[in-house]
Amino acid sequence: MSIKENLAEIKDKISKAEAKAGRTPDSVKLMAVSKFHTLEEVQEAVNCGQLLFGENRIQEAEKKFSALYEQNPDKNIELHIIGQLQTNKVKSAVKIASCIESVDRYSLLEEIEKQCSKIDKVINILFEIHTGEESKSGFTSEEELIKALSACETGIFPHICPKGFMTMAPFTEDEKLIRKSFTTLRELATKLQKQFNKLDLSELSMGMSGDFVLAIDEGSTLVRIGTSIFGQRDYTNK
Ligand SMILES: *Cc1c(COP(=O)(O)O)cnc(C)c1O
């Protein structure tokens, strides 16, 4: 199957999942996760009209996307960072991305603010939440998360625009556990939106190739799909 056919198939499945869940058509955005795939493959996806991408490693993303932006000056290509972000990579990350989805600690906000203020850029962020037993990443302390949201609401990070939350479900075949992880994120988001009503925290980034239908049923607004678009990743390559 080609990238073009895969994209068409995924979009069709998203539409069906939206309808089945009683969701508004086009309420779920599709991100193509291009980590470990080549510039040529990403360009092919762009040629099919796909403009939103996700990468988790900064060095790889920098190489690929600086070339991609240059190759497509008239297209509004967007890159979200979805992998754990080391503090010393923030400077590079904010240059190439429109959103950092993997904000998992308070100190990362301080560094993002510092680096964005230097280049006079306002960047979107999502708070990554730890919702599953097996996944390691994301805020685990609600206290620290509240501190982060409070700081954003009071306006001490003028170059940061919070948009909502992201999570990864545990890697398991157990649908109940996967769904529980998505429900946890949705309920937490609802609660925190009430508490921090000056912020717009409506984005819920959840669902990958294996579980996006469940995620849409639980309220996802953004699904992150790699394998079902680009095929298996070749980890020996890099
Ligand atoms: C790799 C990755 C994805 C995509 O996973 P697939 O199973 O290939 O669709 C989604 N989200 C995050 C955070 C990832 O690291």
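Guide: Helices α6 and α7 are oblique to each other, in a model that is predicted, with local features requiring pLDDT of at least 70, side-chain atom pairs pLDDT 80 or more, and totals for chains, interfaces and linings using all residues. Residues are numbered from 1 along each chain as its sequence is written, and side-chain values use heavy atoms, without hydrogens or water.

Visitor: At what angle do the axes of α6 and α7 cross?

Guide: Helices here are DSSP runs (H or I, at least four residues), numbered from the N terminus, and axes are lines fitted to C-alpha atoms over the stretch in contact, with angles from 0 to 180 degrees between N-to-C directions. The axes of α6 (residues 142-154) and α7 (residues 175-195) come within 12 Å, and they cross at roughly 40 degrees.

Visitor: Which residues of α7 does α6 meet, and how does their contact divide by class?

Guide: In this contact (heavy atoms within 4.5 Å), E142, L145, I146 and L149 of α6 meet L188, K191, L192 and Q195 of α7. By class, the contact of α6 with α7 has five nonpolar, one polar and two charged residues.

Visitor: How are α2 and α3 oriented to each other, and which residues of α3 make the contact?

Guide: Helix α2 (residues 39-47) packs against helix α3 (residues 58-71) at about 40 degrees, with the axes 10 Å apart, and the two are therefore oblique. On the α2 side the contact is made by L39, V42, Q43 and V46, and on the α3 side by K64, F65, A67, L68 and Q71.

Visitor: Which residue has a side-chain N or O atom 2.5 Å from an oxygen atom of the ligand?

Guide: The residues surrounding the ligand (a heavy atom within 4 Å) include K35, M168, G226, T227 and R233. An oxygen atom of the ligand lies 2.8 Å from a backbone N or O atom of G226, and one is 2.8 Å from a side-chain N or O atom of R233. The 2.5 Å distance belongs to the side chain of T227.

Note on methods:
Angles under 35 degrees count as roughly parallel, over 145 as roughly antiparallel, 65 to 115 as roughly perpendicular and the rest as oblique. Ala, Val, Leu, Ile, Met, Phe, Trp, Tyr, Cys and Pro count as nonpolar, Asp, Glu, Lys and Arg as charged, and the others, Gly among them, as polar. A polar contact is a pair of N or O atoms within 3.5 Å; within protein, one must be able to donate a hydrogen and the other to accept it, and residues adjacent in sequence count only if both atoms are side-chain atoms.
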